[in-house]
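Dear colleague,

I am handing over the structure below, and my notes on what was found in it follow directly after. Please read them alongside the coordinates.

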Amino acid sequence: MKIIRYIIQKEFRQIFRNKGMLPIIFVLPLLQLIILSNAATYEVKNIQFSYIDHNQSSSSRALIEKFEASTYFQVTERFSSMKAASTAMLKGDVDVILEIPQHFERELHRDQKTDLGITIDAIDGAAAGVTSVYINQILFSYNKNIRSKLLQNNTDRTQLVNISSIPSFWYNETLNYKTFMVPGILVLLVTMITLFLAAMNIVREKEIGTLEQINVTPIKKHQFIIGKLFPFWVIGMGLLTIGLIIAKIIFNVPMLGSLPLMYAYTSIYILVILGMGLFISNFTDTQQQAMFIAWFFMVIFILMSGLFTPIESMPGWAQLLTEFNPIKYFVEVMRMLMLKGASFYDILPQFTKTLVYALIMNGLAVWSYKKTS
Amino acid sequence: MKRFLGFVKKEFFHIFRDRRSLFILFGMPVAQILLFGFAITNEINNVDIAILDHSKDATTKEIIQKIDASNYFSIQQFLDRETDIETIFKKGKVKAVLTFEKDFSSKLVRDNNASVQIITDATDPNTANTISNYVNSILQHYQAEQNKDIQLPYQIIPQTRMAYNPELKSVFMFVPGVMTIILMLVSAMMTSISITREKEQGTMEILLVSPLNPFQVIIGKVVPYIFLSVINAIIIVLLSIYVFEMPVHGSLILLGFESVLFIVTSLALGILISTIAATQQTAMMISLMGLMLPVILLSGFIFPISSMPAPLQVISHIVPAKWFIIIIKGIMLKGVDLTYVWKETLILLGMTLFFIGLSVKKYKTRLE
């Protein structure tokens, strides 16, 4: 016990002595939490809208006014030809081109129907889909207005079957993205810091040659590992705490669930990550290799965690892979606890899986760590 | 010049000797782009939903069948009570519950009006909103079928064309993004580490007293990595063309030129990091912690920049990856030439010069 305490003391001193590292460990993640949580939104706003009006009638002008009034669209430019409009889209200046045909008003009144050309820059397919929904909503309401104006005494309409749908958004009525993203990004930052630090730490001693010096001392394997990893566990928990305070004060994220439960889960979760870091450092010779491997897994864990893109939409084999992703569980648990106020029983599956993961990972790490080279 | 070539050769030997790093260097980007190209999508399909049907009549059955038949939803459960909703939402699997009111069918016949409540778990606002939209469109479709005998007067029919990506494939978004992340991180990380490593091991001193001038030392260190990154870029482009069927509408030569430019920008950033960092550990933490999330989030790779708050849009201008993503999407998907992307190209060029200039200024030829 005394030996472990000395190693821990040494590690802490080494961490706090390195003035270059301190801001990276403590300031950078929190800064990112504050700034980047604002960036992660799928909302589609400020759509650059342009149009070509071949008709120039009161009807076509009224239609453009509808788009001008919408908060989603910014009517930027009016083009005289499709060619000029296409060039602007190629440049990326406009997202939508609305082309009003020459006989728009006449066709609408006489033929009872008319076409309207809409071109959407669809490279971002998801955003294009949303844009298309917004456009259709505006057209639909415009169409309805015209119809009721032209048919003052309409008797047909009462015969239409109408199913009205009432959406209700639970846990987050205003569809605020930040309450969704802040817990997730906090998870990433805690994970990144602990994984990178742990993966580099022992391999660094190997590379500099000081590991051999430690190996010839009477320090036992488990003492060394615990002493090495405990400081990072403390740092991880500390980051979580500061992050939670920021989430509460700056982003006003609800915290419905129990805090002790959150800490209990996190303390096990960080063990998984530390075990993984140790495992990586056992199988590499240089810090460079360790970093590459840690980076590789980190990118995969982040992008397949369900944080930014939904897991349910992935193909079956990919969903199976996410079962091995610790970040996925942590993100789920944090969101369930903070936003829904889940109980221990609700997060039991994630809790058990993480616990098993921690046991296996640390078992492997300790087993593969050898005092002799 | 001969001395310089000798130095470059030595650097190549260093890299090729370390088989494991080399394997990681080429194997990982390939594995990642394959994995992500197939797995990541921000489309929403197969969402688990539950039904709470208070009327259980012919109409609601028909609508439920339509919903189950769509690719978007898979019905997991039928609930009996309102209170069950809270319980299954807390479990987290089911994302939405559709509630049909009592006497749905008869209301629809008698009043021509009945209502469905779409209750979504909005902890994920994006999914919640999309689910709500999809259900609405299925309902609208159903109504249109019921109303098909009645001819609506004065119809405006939108003819929507999805330019550059008619099938709305999300691969078109993700492959350029993943390619950018890989090139950026690998290049910046490799150079920053390789230079700080010499510092940390004390061999930098030996290089500095050699007849090579410091500028040649830095260039000599970077050249092999340009070479490796270009190979990486070629592999990624080939994969995106042949595996993901990404089109290259523009010129391949321009694409190559722009990729080299971006690689040089990233390497220059790596050099800059190495002049600041004293140890490999610091260099790696800066390039990983400092670059990974900003590059993923502020480059327009996943989230549209135009929807972000104004200050973040300004910050996104200093992320080189943002400009490169605009350029490769332009060349590959829109088929534009240099006249359309010269501005972005100049910005990348400017950034590169800035990084190099700053590194030269900060570079110490003496050890303290």
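Helices (H or I, at least four residues) and strands (E, at least two) are taken here as DSSP runs, numbered from the N terminus. This is a predicted model, in which local features need pLDDT of at least 70 and side-chain atom pairs count only at pLDDT 80 or more, while totals for chains, interfaces and linings use all residues. Residues are numbered from 1 along each chain as its sequence is written, and chains are lettered from A and ligands numbered from 1 in the order in which they are written.

On confidence, the mean pLDDT (the predictor's confidence in each residue, from 0 to 100) of chain A is 87, with 97% of its residues at 70 or more. Within chain A, strand β5 (residues 162–170) has the lowest mean, 80, whereas helix α10 (residues 259–282) has the highest, 93.

Two backbone angles deserve a mention. Asn46(A), in the loop between α2 (21–36) and β1 (47–53) of chain A, has a phi near 50 degrees, which is positive although the residue is not glycine. Most residues other than glycine have a negative phi.

Best regards
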